Amino acid sequence: MANGAPKIMYLNPVSEDRIVDEIFADMVREHKLANTEVHVTALPKEQYAFSHIEYRTYEALVLRGIIRAVRVAAEEGFDALAIGCFYDTGLLDAREISGDMIVTAPCIASCEIAASLANRFGVIVGRQKWVHQMRSTIEGYGYGARLSGFHAVGLGVNDFQKDHKETAKRLKAAGREAVEVGHAEALLLGCTMEVGFYKELEKELGVPVIDPSIAALKRAEYAALLKHQCGWKPSRKWSCEAPSEKELKSFNAFDYDGPVFGSRIVVPPSTA
């Protein structure tokens, strides 16, 4: 952080896609603080060709890429990094190797924000497939008692972009069920069709609707500010202990075979 300005990385843990990268970059431009610098990155397509990680198999395959990206981001002097998947893939692993850089992700960030706005929250997800893993993650974070339920819309990650009208219809129906039947006082979007759609849901349902990509970005930004204003850095004690640099070097753990990032869009601090 130069002159008090946060430097954040938003890592999309799948292969680069210019359209998707620009969607995240637009989200960053709209929501970051004026003096924050954000790098929107994705993994190289030649190593990670899939466009989603709905399956644990894909998560296992992509974990190495996430850890390499986190290591390099820490070396480049980023204050904080957000892993852009609601599964929070590799979050605890990434924190272990992140040095003084703070790492967050959409699910934990969304839960933290929702808990400050309401007593109980529901989660809208694409497919029933996601529910077991997301429930386990939320309960592991200690938010199980606040969870009112999951509401699936029957769409995979790639399906959200095929027919926005149909996607919007299903999201609204799921949100209405979550609020009126599940008595959710806030909603988390496990996936969404476009940044900004949460506002339409909020207007219709009358409860806060948390967009996970925005939540992850803002929690990373806030963590960077606290790091420099209050000196709060990641712990390296006990369960947070990192492997020694000597041991990592002894077996060339981070000898980079190929590019770490497939794409990078830099959103600079505002000059106005």
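Figure 1. Strand β1 (residues 7-15) runs parallel to β3, and 4 bridges link the two. This is a predicted model: local features need pLDDT of at least 70, side-chain atom pairs count only at pLDDT 80 or more, and totals for chains, interfaces and linings use all residues. Residues are numbered from 1 along each chain as its sequence is written, and side-chain values use heavy atoms, with hydrogens and water left out. Strands (E, at least two residues) and helices (H or I, at least four) are DSSP runs, numbered from the N terminus. Two strands pair if DSSP finds at least two bridges between them. Met 9 has Leu 81 of β3 as its bridge partner. Leu 81 also stands opposite Val 103 in β4. Strand β4 (residues 102-104) is parallel to β3 and is joined to it by 3 bridges. In general, side chains of a regular strand alternate between the two faces of the sheet. In strand β3 (residues 80-83), Ala 80 and Ala 82 point one way, while Leu 81 and Ile 83 point the other way. All are buried, meaning under 20% relative accessible area; exposed means over 50%, and partly exposed is in between (1.4 Å probe, protein chains only).

**Figure 2. Strands β2 and β9 pair in the antiparallel sense.** The two strands share 5 bridges. Thr 41 has Arg 264 of β9 as its bridge partner. Which residues of β9 (residues 263-267) lie on the covered face? They are Ser 263, Ile 265 and Val 267. Arg 264 and Val 266 form the uncovered face.

**Figure 3. An open sheet has the strand order β6-β5-β7-β8.** The 4 strands pair in parallel. At the edges are β6 (147-152) and β8, each pairing on one side only. Strands of a sheet pair through backbone hydrogen bonds, either parallel or antiparallel. Between β7 (residues 186-189) and β8 there are 2 bridges in the parallel sense. Leu 187 stands opposite Val 209 in β8.

**Figure 4. Asp 211 is buried without a salt bridge.** Asp 211 sits in the loop between β8 (209-210) and α8 (212-230). A salt bridge needs a side-chain nitrogen of Lys or Arg within 4 Å of a carboxyl oxygen of Asp or Glu. Lys and Arg count as positive, Asp and Glu as negative; His and the chain ends are not counted. How far from Asp 211 is the nearest side chain of opposite charge? That side chain, Lys 199, is 9.8 Å away. Asp 211 does make a side-chain polar contact of 2.6 Å with Ser 213. A polar contact is a pair of N or O atoms within 3.5 Å; within protein, one must be able to donate a hydrogen and the other to accept it, and residues adjacent in sequence count only if both atoms are side-chain atoms. Leaving out residues up to four places away in sequence, Asp 211 touches Thr 192, Glu 194, Val 195, Gly 196 and Tyr 198. Contact here means heavy atoms within 4.5 Å.

Figure 5. A polar atom of the Glu 54 side chain lies 2.9 Å from the backbone nitrogen of Val 157. Beyond four places in sequence, residues touching Glu 54 include Tyr 87, Arg 127, Lys 129 and Trp 130.

**Figure 6. Asn 158 makes a polar contact with Ser 51.** The two side chains meet at 3.1 Å. Asn 158 is in the loop between β6 and α6. With 39% relative accessibility, Asn 158 is partly exposed. Beyond four places in sequence, Asn 158 touches Ser 51 and His 52. Asn 158 and Gly 126 are 32 residues apart in sequence, with their C-alpha atoms 9.9 Å apart.

**Figure 7. Two non-glycine residues have positive phi.** His 183 has a phi of about 60 degrees. His 183 lies in the loop between α6 (164-180) and β7 and is exposed at 51% relative accessible area. Trp 238 has a phi of about 55 degrees. Trp 238 belongs to the loop between α8 and α9 (245-250) and is exposed at 77%.

**Figure 8. The disulfide count is 0.** A disulfide is taken as a pair of cysteine sulfur atoms within 2.5 Å. For Cys 85, the nearest cysteine sulfur belongs to Cys 191, 8.6 Å away. Cys 85 is buried, at 15% relative accessibility. For Cys 240, the nearest cysteine sulfur is that of Cys 107, 18 Å away. Cys 240 is partly exposed, at 33%.
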